[in-house]
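Good morning, and thank you for joining.

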Amino acid sequence: MAIATTNPATGETVREFDELSPDQVQEKLQRAADAFPIYRRTTFAERAGLLCRAADILEAEAEELGRIATLEVGKTFPSAVAEVRKCAKGCRWYAEHAEAVLADVPREVQGAQGASVFTRYQPLGPVLAIMPWNFPYWQVFRFAAPALMAGNVGLLKHASNVPQSALAIEDVLRRAGFPEGVFQTLLVGSGAVEAIIEDPRVRAVTLTGSEGAGRQVGAAAGRTIKPSVLELGGSDPFIVMPSADLQDAIGNAVVSRTLNNGQSCINAKRFIVHADVADEFERGLVERMESLTVGDPMSEDTDLGPLASPDGVEALDKQVHDTVAAGARLLTGGKPLDRPGNFYPPTVLADIPEGSPGHREELFGPVALLWRAHDVDDAIRIANDSPFGLGGSAWTRDEAEQQRFVAEVETGMIYINKFTASTPEVPFGGVKNSGYGRELAEFGPRSFVNAKTVWIAAGGQPGDAVE
């Protein structure tokens with residue numbers, strides 16, 4: 001795949017970029033390695049000041065940066081601007097909280113005889129971040145802000161269709177005052193990633209991407225015994241029970257499914273509705289999906305923009321076609337729009353057959369999949385009948401049902417009467433094929449540190465004879 005900006009709304013290639021040569025990659029890796037010993041000695045206050053200046057730039061230039069994201073991936077302009085502002089919020093949160101999160105942790109040890117025993121969190125070094133295109137700013141800053149506050153340095157291998165977003169992030173951090181080599185963008189293709197992971201100067205890796213990419217990156221990190229965090233796909237359940245405010249649930253279902261043009265790992269994708277309210281939910285969902293305006297993502301009137309690439313349209317359309325061919329009911333949409341650009345209409349499928357793509361795969365686009373559940377047990381069974389386990393939500397006013405969903409839905413996140421979201425204050429990540437490790441909250445800074453045990457004896461103490 002070429003490293004280029006191609007407008008998803010028109011199909012026009014706007015700008016192309018040369019891939020870094022192997023020698024240029026080596027230069028950047030060495031620059032990161034050289035920067036780390038110096039940067040790690042900066043204080044939390046110094047790092048926080050730099051990150052707050054980055055937040056200032058993000059807020060001041062939110063519209064300009066948002067236009068780049070809309071141009072490169074087709075997200076609606078208001079959502080692109082909101083994403084940039086969310087990055088500023090993340091920077092400020094870590095500037096304020098990282099020092100406390102990474103403070104020494106005293107340990108009480110029986111028989112320590114006056115020794116000072118504690119855990120100290122120390123940075124690892126250059127961290128490679130392999131990031132996707134769907135949230136070209138937020139995905140990066142939710143890694144970069146905590147990693148930089150911990151004293152690490154960052155190397156960004158961004159998706160090949162968002163080179164301008166990737167370079168803009170490096171420019172923001174450079175102008176904020178981060179020293180040379182502390183954060184660098186690597187304009188390389190996916191074929192160069194394995195060698196970069198295996199380079200001894202790279203100390204850890206984080207990936208947000210597909211299940212297949214996760215397997216490859218996790219394997220490469222494992223071979224070189226480097227820590228990794230994998231945030232992979234999701235097919236989030238959205239459970240609706242009879243006690244829910246049905247109109248509220250329907251409205252949130254549409255927003256959650258079509259957020260970012262339906263291209264988010266935490267979009268609600270599988271709608272599991274109790275049989276008693278399934279007919280009304282189905283009618284309301286179809287009506288509201290059909291009412292959405294599909295069009296130019298820069299237009300104020302647009303609800304749903306294009307998918308990011310022609311390949312995305314082709315893959316989604318095949319999944320829909322094969323699911324319908326297996327026996328699903330097509331209630332609306334289901335065919336790419338006949339117009340320039342990568343447009344796919346809001347689509348609803350019901351009665352999803354077991355073993356079909358809609359049953360086992362993640363559908364990355366504005367396609368809602370409907371199931372009917374007989375009771376709470378059936379809803380939980382359907383929710384857990386997935387290889388993924390990222391997020392999920394349940395809509396019910398019954399406290400006993402709420403507790404069942406919290407305890408038994410197999411996901412890294414569960415939201416009750418609210419659709420899944422990400423915010424710096426709470427951990428983010430999944431289970432099963434949705435990956436491992438956590439981002440955000442205290443897990444962000446602690447993902448790439450050495451949790452070092454420190455024992456300072458009072459002097460003259462014999463050591464233990466047993467390890």
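I begin with the second largest pocket, whose lining divides into nine nonpolar, six polar and four charged residues. Here Ala, Val, Leu, Ile, Met, Phe, Trp, Tyr, Cys and Pro count as nonpolar, Asp, Glu, Lys and Arg as charged, and the others, Gly among them, as polar. Please bear in mind that this is a predicted model, in which local features need pLDDT of at least 70 and side-chain atom pairs count only at pLDDT 80 or more, while totals for chains, interfaces and linings use all residues. Residues are numbered from 1 along each chain as its sequence is written, and side-chain values use heavy atoms, with hydrogens and water left out.

The space in this second largest pocket is about 350 Å³. Of its 19 lining residues, K86, F135, W138, L259 and S422 are the closest to the centre. Helices (H or I, at least four residues) and strands (E, at least two) are DSSP runs, numbered from the N terminus. On a 1 Å grid over the protein atoms alone, a pocket is an open set of points with protein on both sides within 12 Å along at least five of seven lines, whereas a cavity is a set where a 1.4 Å probe fits but cannot get out; lining residues have an atom within 4 Å of a point. Points are joined across faces, edges and corners, and a volume is the space filled by probe spheres set on them.

How many cavities of 30 Å³ or more does the whole structure hold? The search finds three. The largest has a volume of about 60 Å³, and α5 provides the largest share of its lining, three residues. Among the residues lining this cavity are R142, R438, E439 and F448.

N152 is buried (under 20% relative accessible area; exposed is over 50%, partly exposed in between; 1.4 Å probe, protein chains only), with a value of 0%. A polar atom of its side chain lies 2.9 Å from the backbone oxygen of F448, and one lies 3.0 Å from the backbone nitrogen of G125.

Finally, the cysteines. C87 is buried at 0% relative accessibility, as is C91. A disulfide requires two cysteine sulfur atoms within 2.5 Å; the sulfur of C87 is 6.9 Å from its closest cysteine sulfur, in C91, and is therefore too far for a bond. The count of disulfides is zero.

Terms used:
Polar contact = N/O pair within 3.5 Å; in protein donor to acceptor, adjacent residues only side chain to side chain.
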